[in-house]
Amino acid sequence: MKIYFKSLAMHLKGELEYRVNFILSFLSQILVFFTYYFIIIALFAKFDNIKGFTMYEVLLCFSIIQFGFSMNEVFARGVDRFDRLIIRGDFDRLLLRPRNIILQVLCSDGDFVKSARVIQAIIVMIVALLHLHIEWNIMRVITLLLMLLSACIIFFGIFLLAASYCFYTVQGLEVRNVFTDGGKHMAQYPIGVFSKGFVLFFTFIIPYAFVNYYPLLYFLGKKDTIIYGLSPLLVIIYLLPCIIVFHLGMKRYSSVGS
Amino acid sequence: MSFIEVKQISKTFRVAKKKSGLKEAFKSFLKREYLDIKAVDDISFSIEKGEIVGYIGPNGAGKSTTIKILSGILNPDSGECKIAGMTPWKERVKYVKKIGVVFGQKSQLWWDIPAEDTFDLLRDIYEIPEEEYLSTKNDLIEKLNLKDIINIPVRQLSLGQRMRCEIAASLLHSPEILFLDEPTIGLDAVSKQLVRDFIKKLNKEKQTTIILTTHDMSDITTLAKRIILIGKGKVLYDGSLKKLKNMYETETYISIKTKDSLNIKKKGIISKKKNKEGYDLVINTKLISISELLTVLSHRISIEDIEILEEPIDKMIVRLYEDYQI
């Protein structure tokens with residue numbers, strides 16, 4: 001863990017070498033990503049709810065997913081940009097070090113400009129929470145924290161799957177974006193607003209529903225069962241196959257080469 | 001048993017056949033044809049502790065693949081390999097603590113920050129005790145003359161300076177074996193000399209076993225007593241450089257300064273060329289010795305000056321490759 005934070009500090013040091021670039025990128029990140037939120041606000045200027053969800057409820061959902069995604073962009077950038085590691089041949093170097101490979105991949109890159117998005121997501125979340133009339137209690141706080149945590153975990157798992165794809169081919173990387181970026185855009189809305197097939201897919205194949213739908217229902221008081229509130233914990237199980245797939249890919253790499 | 005023991009290692013890569021033309025591109029899109037390339041074919045050798053071995057061969061001979069197998073990055077299709085009692089690709093974490101690898105063409109230093117920061121991070125990665133780390137580091141700084149460059153962001157360093165830092169980075173954990181993959185590529189004469197001297201010293205003082213691949217034959221002549229020559233994935237020669245020289249180095253260049261004109265035909269003289277001041281001769285020393293030739297010459301002409309050159313080792317290697325048809 002110490003190595004991880006040290007590497008991050010070094011990436012930050014490297015990024016800060018280019019000061020003007022860092023500041024400008026940071027600002028542009030904030031500006032560009034507010035447009036995403038404006039789209040939602042514009043949408044709700046026309047309709048006052050989508051399948052029973054109000055604007056602030058959707059914004060809450062949206063900001064939680066953004067939070068999880070951006071946290072990964074900052075802290076797991078190495079997994080996100082794993083294709084570069086393979087293409088440049090730097091992955092060989094990681095295999096020469098006496099440490100866990102996934103940890104080293106995490107250490108290999110960081111992108112602190114993207115922390116602008118994390119901050120932004122937190123701001124939007126707070127605004128949304130202030131406008132929603134939540135009856136706060138301990139369970140609701142736990143549920144909210146679990147949602148944030150599981151959002152980070154699920155995107156980490158998906159990034160890891162996408163990275164594993166690089167072991168097989170570095171061509172056609174767009175395919176993986178369907179699941180990372182595409183998935184993110186879907187998940188920004190409460191999954192329930194989509195048709196049943198989507199709900200099933202995002203419950204059992206990529207369990208976004210456990211991040212931002214079932215717990216959201218509990219959090220907003222639309223469902224009372226505590227299971228709904230604790231459902232984000234299931235996402236942790238999802239991480240397991242992702243790690244296994246990555247290790248299978250690694251085995252293949254060492255027998256096939258580039 | 002030797003320190004490094006490689007037995008009948010083979011590795012085949014599958015490469016998709018690519019043909020030119022759009023039509024062929026469509027065809028291969030629908031049905032791929034594969035070509036099996038034997039990168040390493042039944043290679044065996046053993047190396048004792050403290051040896052420096054030059055691992056040479058033309059591009060694509062299988063040098064890098066072998067290095068990758070020996071360092072545990074790749075696992076071979078068949079064959080055995082025991083290094084310091086371990087199989088590299090099976091006990092990766094334990095094994096890589098004992099080796100250092102320098103890739104001349106790939107950097108392991110962080111581009112935007114000073115090399116010293118990378119060193120500190122490596123200390124944590126290899127879990128080197130602080131005391132040991134400091135003494136190793138200071139030793140390397142002194143021997144590789146890094147004092148003034150260690151605090152400059154790596155991107156601002158010259159190639160020679162960077163290579164010295166690279167070598168230091170690979171040695172912080174005091175490995176028993178050092179793999180050097182083209183360590184002097186692109187370096188100027190001074191840097192090359194510095195790197196070579198350092199490698200020699202390291203081998204002498206710490207008994208580090210060194211496996212060196214290079215295309216620069218003067219690296220080999222100054223460093224390695226033993227060479228392993230591979231071509232098309234097979235070991236073609238394994239032995240001392242001296243013996244190889246004796247086998248192959250039969251051409252000698254002699255340049256004579258004289259005002260007289262020389263008319264000589266003798267077995268063993270391969271070519272004779274007139275230049276401004278005299279003649280350039282190429283002789284085969286197996287057929288005519290230098291002293292023999294000189295006796296003959298001094299009877300016929302008055303020699304003002306004479307220069308004798310051995311065949312450059314690069315040329316010898318070219319002939320060697322030709323003989324083995326690689």
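With 15% relative accessibility, Gly239(B) falls on the buried side of the 20% cut-off, so this glycine counts as buried in the predicted model. Gly239(B) belongs to strand β9 of chain B, which spans residues 234-240. Setting aside neighbours within four places in sequence, Gly239(B) is in contact with Lys225(B), Arg226(B) and Ile227(B). Between Gly239(B) and Ile69(B) there are 170 residues in sequence and 22 Å in space, C-alpha to C-alpha.

Ile69(B) leads on to another element of this chain. It is one of the buried residues of α2(B), along with Lys63(B), Thr65(B), Thr66(B), Ile67(B) and Leu70(B). Helix α2, residues 63-70 of chain B, is thus a mostly covered one, with six of its eight residues buried. Just past the end of α2(B) comes Gly72(B), whose phi is positive at about 90°.

Positive phi values also turn up in chain B away from glycine. Glu127(B) has a phi near 50°, and this residue lies in the loop that runs between α4 (115-126) and α5 (130-143) of chain B. Asn145(B) is another non-glycine case, with a positive phi of about 55°. Its loop is the one between α5 and α6 (159-171) of chain B. With a relative accessible area of 47%, Asn145(B) is neither buried nor exposed, so it goes down as partly exposed.

Zooming out, chain B is built from 11 helices and 13 strands. Its C-alpha atoms fill a box of roughly 75 × 60 × 50 Å along the principal axes. Of its 326 residues, 50% count as buried. As for the contacts in chain B between residues at least 6 apart in sequence, 70% join residues at least 24 apart.

Helix α11 of chain B, residues 313-323, has a buried set made up of Ile313(B), Met316(B), Ile317(B), Leu320(B) and Tyr321(B). These residues sit on the same side of α11(B), because they cover an arc of only 140° around the axis.

Next up is the nonpolar packing. The largest nonpolar core has 170 residues, and the members that touch the most others are Phe82(A), Phe91(A) and Phe246(A). Helix α9 of chain A (residues 138-168) supplies the largest share of this core, 15 residues. Apart from this core lies another, of 13 residues, including Leu262(B), Ile264(B), Tyr279(B) and Leu293(B). Back in chain A, Phe246(A) touches Phe82(A), Ile101(A), Ile102(A), Val105(A), Leu160(A), Ala163(A), Ser164(A) and Phe167(A), once residues up to four places away in sequence are left out.

Then there are the rings. Over all chains, the structure holds 20 aromatic pairs. One of them joins Phe69(A) and Phe159(A) edge-to-face, at 5.5 Å centre to centre and with 85° between the planes. This pair ties together distant parts of the chain: Phe69(A) is in helix α3 (residues 55-75) of chain A and Phe159(A) in helix α9 of chain A, 90 residues apart. Are Phe69(A) and Phe159(A) buried or exposed? Both are buried. Elsewhere in chain A, ring pairs join Phe53(A), Phe210(A), Tyr213(A), Tyr214(A) and Tyr228(A) into a cluster.

Rings also come together with charges. In chain A, the charged end of Arg140(A) sits over the ring of Tyr218(A), 5.8 Å from its centre. In chain B, it is Lys106(B) whose charged end sits over a ring, that of Phe103(B), at 5.2 Å from the centre.

Notes
Residues are numbered from 1 along each chain as its sequence is written. Chains are lettered from A and ligands numbered from 1 in the order in which they are written. This is a predicted model: local features need pLDDT of at least 70, side-chain atom pairs count only at pLDDT 80 or more; totals for chains, interfaces and linings use all residues. Side-chain values use heavy atoms; hydrogens and water are left out. A nonpolar core is a set of buried Ala, Val, Leu, Ile, Met, Phe, Trp, Tyr and Cys residues joined through side-chain atoms within 4.5 Å. Buried means under 20% relative accessible area, exposed over 50%, partly exposed in between (1.4 Å probe, protein chains only). Helices (H or I, at least four residues) and strands (E, at least two) are DSSP runs, numbered from the N terminus. Contact means heavy atoms within 4.5 Å. The arc is that of the directions from the helix axis to the C-beta atoms. Rings of Phe, Tyr and Trp (its six-membered ring) pair if their centres lie within 6.5 Å; planes under 30 degrees apart count as stacked, over 60 as edge-to-face and the rest as tilted. A charge sits over a ring if NZ of Lys or CZ of Arg is within 6 Å of the ring centre and within 35 degrees of the ring normal.
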